[in-house]
Every structure is written in structure tokens, then in C-alpha cells.
Amino acid sequence: MEEKERAKRILVVEDERNIAAVLAYNIRKEGYECDVAYDGEKGLEMALTDAYDLLLLDIMLPKMTGFEICDQVRMKSQVPIIFVTAREEEKDRILGLETGADDYVTKPFSFKELMARVRANIRRSSGEVVKRAEPEKTVEPIRVGDLVIDREHYSVTKGGEVIELSKKDYDLIAFLAENVGVAFTREELLEKIWGYDDYYGDIRTVDVTITRIRKKIEKDSSHPEYLMTKRGVGYFLCNR
Ligand code: CA
């Protein structure tokens, strides 16, 4: 019961103190608790205490980058991670999502936009906790060709081998498997998987995630046999 009442806690790792202060101020104003770390090492140490419901990470930090923090945290936890950074090159976005971040916001950003993403990510991850706590309902695994999507254990295997997937990877592939053969636009996927409306989301996030999953499940990711592109529409999972 107490668990439900607890205010969600957010960790901000940001070395620019004025930005950190403004972030913390706005986060607290929204009713969340907020702690701040000013360097990468301290940030990682705090993140690993498991006391947080979401991490907001800068990339360029003293002692350890945001990418490294994300990498280390992902070995232990599926806590939502959003990068907040001045770097907006495509490769940084991709690297961020590849290290297992859930999203990416570039400076300058509006607090309205940032908080919409924070809320969406926290809502998604606590929704999952509720789902997992429901013991009576058994969900059958979905089989698509060699792929087995085990919705009870949130895992995917191909030909019996476990595929390492991030939470978003899993959510996306499970959603497409539940609707096998049906194509969804990137905007629809952004809304369904990330919980964003068009205005706040960036459809490239969907493309990067699709590319990442293809590398894991396809024999040749440039000629996919499972995760297909429907030209002019979007993506679908092919029932082979
Ligand atoms: Ca910085």
C-alpha cells in the first residue's frame, strides 16, 4: 500500500549546476522527488542504489559519460533512462538508444516537452509492474516462425536461443507479434510503445529501435524476413 503512495523519484546527472538546478526545480514542481549528481561516477553510484523511477542523464560529464552510466545501469536494471543533452548529432542519438536509453531530449528543450516524456516513461514502467503482479492470468507465448515471444517472462527466443532485448525492443516486438501481419505507422508505434503523441515524439526513435531489433533477430538485417517495412505505411511483423 505504501508503495503506491510513494512519490516517484528522479535522478538528474548533470554537471552544469544552473541547468541541474532548473531541472530539479521543475521536476519537484511536478510532484516528483529529485536528486542531483554532478559527475558521472557519483551519478552511477546513485543510479545503482535502485532508488529511482527514472534517470535523466547528460552525456558529457566529468569522470564518466552518460553513455557509460547507461551501459552499466542496463546490466542491472530496466529503469527508464532519458538522455538530456546539447549534442544532437544523429550518431549520438543512435548510440544513446543502442546503449539502452529509452529516449533522448536535446537542449534547448521545453520543460513541457521534457515532463511529457518523463510522465510517459514513468507511466509505462509502472504499468509493467502492475501487469507483472497479476498472477492468475496466464498469457500464451506467441510463435512467429522461429521466434517465440514469451509474454509471461518478457523474453524472446529465436530457434530456442534467447535474444537480448531492451525493454522498448521487447515492447515493440511483442506489440507487433500480437498484431502479426498488421502494419503500423511510426506515429502509431510511438504512441503505443513510447506513450507519446505526435507532438512530443520523434519518429526517428522508432526507426532506430527497429534497426536495433533487426540486428538481433534477422539473419541479414538489410534483408529482413521478420520485421518488415511496408512502404509508405510503416512496420509489421511477418508471419512466416
Ligand atoms: Ca555536461
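## Sheet, cores and salt bridges in a predicted model

Contact here means heavy atoms within 4.5 Å, and axes are lines fitted to C-alpha atoms, for helices over the stretch in contact, with angles from 0 to 180 degrees between N-to-C directions. Helices (H or I, at least four residues) and strands (E, at least two) are DSSP runs numbered from the N terminus. The structure is a predicted model, in which local features need pLDDT of at least 70 and side-chain atom pairs count only at pLDDT 80 or more, while totals for chains, interfaces and linings use all residues. Residues are numbered from 1 along each chain as its sequence is written, and side-chain values use heavy atoms, with hydrogens and water left out.

Two strands are taken to pair if DSSP finds at least two bridges between them; strand 8 (residues 155-158) and strand 9 pair in the antiparallel sense over 3 bridges. Val156 has Ile163 in strand 9 as its bridge partner.

Val156 also belongs to the largest nonpolar core, which has 30 residues; Ile149, Val156, Leu176, Leu189 and Ile217 touch the most other members. Such a core is a set of buried Ala, Val, Leu, Ile, Met, Phe, Trp, Tyr and Cys residues joined through side-chain atoms within 4.5 Å, where buried means under 20% relative accessible area, exposed over 50% and partly exposed in between (1.4 Å probe, protein chains only). Two or more residues each come from strand 6 (142-144), strand 7 (147-150), helix 7 (167-178), helix 8 (186-194), helix 9 (204-217) and strand 11 (234-237). Helix 7 gives the largest share, 7 residues. Leaving aside residues up to four places away in sequence, Ile149 touches Pro141, Ile142, Ser155, Val156, Tyr170, Ala174 and Ala177. Another core, of 21 residues, lies apart from this one and includes Tyr52, Leu57, Met64 and Ile81.

A salt bridge is a side-chain nitrogen of Lys or Arg within 4 Å of a carboxyl oxygen of Asp or Glu, and by this rule the count comes to 14. Among them are the following.

| Salt bridge | N to O distance |
|---|---|
| Glu33 and Arg9 | 3.5 Å |
| Asp39 and Lys63 | 3.9 Å |
| Arg117 and Asp103 | 3.1 Å |

Glu33 counts as partly exposed at 39% relative accessibility, and Arg9 counts as partly exposed at 24%.

The salt bridge of Asp39 and Lys63 links the loop between strand 2 and helix 3 (40-47), which holds Asp39, to the loop between strand 3 (54-57) and helix 4 (66-74), which holds Lys63, 24 residues apart. Asp39 is buried at 18% relative accessibility, whereas Lys63 is exposed at 61%.

In the salt bridge of Arg117 and Asp103, Arg117 in helix 6 (residues 111-132) is joined to Asp103 in strand 5 (residues 103-106), 14 residues apart. Arg117 is buried, with a relative accessible area of 5%, and Asp103 is buried at 2% relative accessibility. Elsewhere, salt bridges that share partners join Arg9, Glu33 and Asp35 into one network.
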